[in-house]
Structures are given as C-alpha cells and as structure tokens.
Amino acid sequence: MPKFECDDEMSLLWRNMKEVRDTPLVSVADVLFSERMKNRFNEWRKELLQDRKGGSQFLETSNDMKQQFQTIFFKMRPALILNGFTAHQLRLIQLVIKKHFKDLVYIRSSGDGSYSELIVYIDSDNDKNLLMKEVKDGLRREAEMKIKTAVGFRHVIDLLSSEQKLIVGHNCLLDIAHIYNKFFGPLPLTAEDFVSSIHKYFPYMIDTKILLNTNNVLKHLMKNGSTSLSKAFASLCPQIASSSKNSGLAFQPWVEVEVQVDDMRSSNWNSGAKHEAGYDAFMTGCVFAQACSNLGIDFKKHSSSANLAHNKNLQKHVNHLYFSWVNGDIIDLSTGNRIAATTVCYNLKRRYPKILFSNIVIVWGFPSQLSSKKIRECISKAFGPISVTTIYHLDETAVFVQFSKPELVADFLVLKETLETIQDPISVLHPLSELLEGGNTCAASYETYKEICSSPISKVMFADQAKAVGIKWKTKLIESKEKVKTQEDESFSKENGATDAASDSADKSKIRKIEDVIDNLSDDRISGSEIIDSLYAAQTKLSKHIRTTNL
C-alpha cells in the first residue's frame, strides 16, 4: 500500500481537528453566538460533574438543545456531538473551547464515511494527550482501510503472488501482460526484463495449450487436432460441456467439478458463453484438472499448488509460455531461454512467416474503408504477387506491411512519394492510388515507428500518436542498400584514384622498357641478364592484370 496516500488522508483530518488560532471577534453576531455556546457548554459541564458526584442521570434539555447537542461516549469519555452548525460557527466553537475550557477538547472524528464534530471531556493534560494519540491512530487506521477498500482486486493478485500459487492459463501470455500492467507497473521495455519480472511475482505458471501440444498422452486424446480452449473443453470434459455423463470418453476417469453461479450469470453459464471471462476461466480450470487426471495425478496427494508444480508429470511443462503463438516461440520463464519448438509450432511457422523488421513498413492515415486484403491487393499490383508477405493491423488507423525483400521497403516509399508529388492524370490510374486516396496516407520504416512510439506522449491510435509527436511529413524515405553500396564504391574509387593513376604510369613505363628491350634484342645489343629482368617485369604485370580482371 502506498504510504504517502495514507499519510495525506490522515494529515487532512488531523489538520481539521487542530485548535484554531486566537482571532478577535469583530461581528456582533459572532460575539453573541460565542457567548451562547460558552453558556451551553458550561451548563453541560456542570451537569456532567453533578452526575459524576451524585450518580443521577443527565438533566433533561429542550428540543432545540437535543437537536444541536447529543451526549454520547467517545473512547470511554463523555462527549457532545455538534449537529447543524456551519463551518464558520464550528470555528467559533473551537475558539470558545480553547479560551474558556481546559477540560474540554474539540475533536473531528470520522466514521461510516462521514465526519462528526465532538466536544470531549478530559480529566487532565495526560488524558488529553492520550485522547489525541487515540484519535490520530484511529484516523490512520481508517485511512488505511479506505485505501485497502479502493485497491479491490489487487488483494487477490498479491495473495496469489505471496502464496506462490500455481497460475494456470490457456495461451495466456497476453493475460499475464495485462495483469502485470494493471497491478504491478508499466510493462518492461524488453522481453528479457518482462520474463524476469513476471517470474519473480509468479514463480509457478503452466499454459494448458503447451501442455496439450507437447504431451503425447494428451495429444492422443485430442486426436492431434485443434487445441483451442473450446475444442479442448469439449474433447477432455464432454460430460461438463454437454451437461451429460454419457460421452465418448465415458471410459476415461473424469474429474467432477462443482461450481456456484449467481442468478445474474446463470444464463451465460448454462449456454456456455465462450470468451466470457468467467466461463473461459472455468473451462481452463476444467481442462487442466482433467489433463492432470489423465496424466495420473492424484489431487488428494497434492495439498498445495507448489507441490503440484513439482510433480514429475507436470514439471517439464511448468513455466513454459508461448512468447509468440504465430511464430511458435516458447520461452522458459525460469531461465529466460527459448526452447525447441514443437511440431505444431513448426507447422505454424510454415503457415506464418517470420517477422523481419527490416522488411516492414508502417502505413497509417489511409481511407478507413480499406481492409487489409484490399491494401495487399493495391501493393501487390504495383510490386508483384509475392511482394507482400503479411499485413498486420496495428489498430484501425495503421497497418504493418511486411515485404518479401528488404529493398522493397525503400522502393515502396520512393514510389509513394513520387505519386504524391506528380499528381497527374496518369498517377490516378496507378494501383496505389486507392491506398493514397484522400491525401492523408503516411508511411515510414519500422525504425521510424519505434521512434514515434518511444515518445513520452501516449495516444490510443497510432495516427493520433504520430500527430501528437509532431509528424508533419507523409513519407520518410530510406536509402536502399544498392544506393548505399554505389556511394561507397564511388568514394572508394575517388580515394584510390591517385594511387591507380601512379600505378598505371609505372606500368606504362615498364611496358615501354620491355618494348625497348625487344627492339634492342633484334639489334643484338642486349645481354642475357637484361632479357631475364625484362621478362620478369612482364610476368609481374600480366599477373596483376589477371587478378584485377577476376575481381
């Protein structure tokens, strides 16, 4: 519980019950009211003292007195509740008590969501100090209780974490991420930090989808079919799903599940309302219980979920979560390492291509009526039928387009900017014109998407996020690898131009020397050593020329 919230709540009440400073009375009405209050408190005090000496009850008072003053006991001390006074009148009463009564204390007490103004009788200064301490402690306890009440479901999450309960879910990574974000804090920036943090709060977790996909016994019972929650519930728990004990798995031992449902949810419960949070949790629990039974796990021998998590039939599946169901990535929360994918995951990888960030373009601000299928068609007509690998909807204002080749990212951005710049009758007939209709379509690389999202400004829709961070351009170009390579080659050529020129000059000189040697040889004016040196120089030049040609 945040301590400062409790302190703020208590400090507010404590300041309100402190004695006010002595201020002069300038209004006749204030003087008369103060004198009347002094007389009434003095009468109540005398009656109180007479009662303590003679043992009689308090004297009867008028109806007016009963309405404004009610005698009670506050923390085992006689007290008056003040009713029907304005805030200004209460401040005047505080002044009267402070100035004229040393054995009376003004207290502001809270209870049942309301506040009461009290005048409490005390025996001594020590009794006063004790009373003030009791009041302050009571205010603190009440403030803490108020905060605990406001926290609500957080108590359940804290209890699950402190007791290290086995958390069971079905394909539950997003569920765990939502729980972390709502009850523990903002999601960590990296997957590694998230895995480490969530394992600290929930050291034992099991995903029934992984359990059904990786255990041979359960795969056989599922007939190697779909492991969606509804399919698993119908296959493993038919007697519950159909509310009948006569099922195809009647020969299998089944777990009896008792559940209590209120009238408000009974209609959804009886109809099997899938994707209704309570019923999904019920189905997940039934699937897990039945799966454990089929694996030979006796719940009677496992008094705590921690012991169940260490069962030899479950231990190798504990703390394994699908980090990406599309790509089939499984991560071990205990170590943070990725583990080998199952056959089901391999089949999914063949169906869903791997996400390559260098191949991705973020497109936003396009006409709202365009579906992802239509966006794919527009781009494929311009770049080829296999140019687009996948389209992911970020939200209703933006999509990720993953191309089959990274160079297509730069090509798409260049073409988009060109079409928007030309705006001639021919460009209207271009396949991308439907995507660019309205003039609000923006596009950039995945790196730009990360820059936009890293801003402290946060909006729900990506189009609003881009606008909030000050994006005014429609297309942010990137240099293709071919262009970068060409520029590097040109730079390299310039740097080595002088060296090559000097080398060519030397080579030409050597060639002229060889020619002179050959001419001299024909005139019999050359020695044998000169012939050998010339041939060696010619061989060196030839070898260099061959290497350059091969490069």
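Mentor: Let us start with M76, which is exposed, with a relative accessible area of 78%.
Trainee: What makes M76 exposed?
Mentor: Exposed means over 50% relative accessible area, buried means under 20%, and partly exposed lies in between, using a 1.4 Å probe and protein chains only. M76 has 78%, so M76 is exposed. Before we go on, keep in mind that this is a predicted model, where local features need pLDDT of at least 70, side-chain atom pairs count only at pLDDT 80 or more, and totals for chains, interfaces and linings use all residues. Residues are numbered from 1 along each chain as its sequence is written, and side-chain values use heavy atoms, with hydrogens and water left out.

Trainee: Where is M76 found?
Mentor: M76 sits in the loop between strand 1 and strand 2. Strands here are DSSP runs of E with at least two residues, helices are runs of H or I with at least four, and both are numbered from the N terminus. K75 lies in that loop between strand 1 (69-74) and strand 2 (77-82) too.

Trainee: What is the phi of K75, and what is the phi of M76?
Mentor: K75 has a positive phi of about 50° although it is not a glycine, and phi of M76 is near 65°, also positive in a residue other than glycine. Most residues other than glycine have a negative phi.
Trainee: Why does K75 count as partly exposed?
Mentor: K75 has 34% relative accessibility, so K75 counts as partly exposed.

Trainee: How many helices and strands are there in the protein?
Mentor: There are 24 helices and 13 strands. Of the 551 residues, 36% count as buried.

Trainee: Which residues of helix 7 and helix 8 meet?
Mentor: L173, I176, A177 and Y180 in helix 7 meet F194, S197, I198 and Y201 in helix 8; contact means heavy atoms within 4.5 Å. The residues of this contact divide into seven nonpolar, one polar and no charged. Nonpolar covers Ala, Val, Leu, Ile, Met, Phe, Trp, Tyr, Cys and Pro, charged covers Asp, Glu, Lys and Arg, and the others, Gly among them, are polar.

Trainee: How do you know that K38 forms a salt bridge with E35?
Mentor: A salt bridge needs a side-chain nitrogen of Lys or Arg within 4 Å of a carboxyl oxygen of Asp or Glu. The closest N and O atoms of K38 and E35 are 3.3 Å apart, and K38 forms a salt bridge with E35. Being three residues apart in helix 2 (residues 28-54), K38 and E35 are separated by about one helical turn. K38 is partly exposed at 23%, and E35 is partly exposed at 39%.

Trainee: What makes K374 and E377 a salt bridge?
Mentor: Their closest N and O atoms are 3.7 Å apart, and K374 forms a salt bridge with E377. K374 and E377 both lie in helix 17 (residues 372-383), three residues apart, about one turn of the helix.

Trainee: Are E117 and R108 buried or exposed?
Mentor: Both E117 and R108 are buried, and their side chains meet in a salt bridge (3.1 Å, N to O). A search of the whole structure finds twelve salt bridges.

Trainee: Why is Y446 called buried?
Mentor: Y446 has a relative accessible area of 16%, so Y446 is buried. Y446 is found in helix 20 (residues 446-453). Not counting residues up to four places away in sequence, Y446 touches F357, I360 and F400.
Trainee: Why does E437 count as partly exposed?
Mentor: E437 has 48% relative accessibility, so E437 counts as partly exposed. The place of E437 is the loop between helix 19 (433-436) and strand 13 (442-445).
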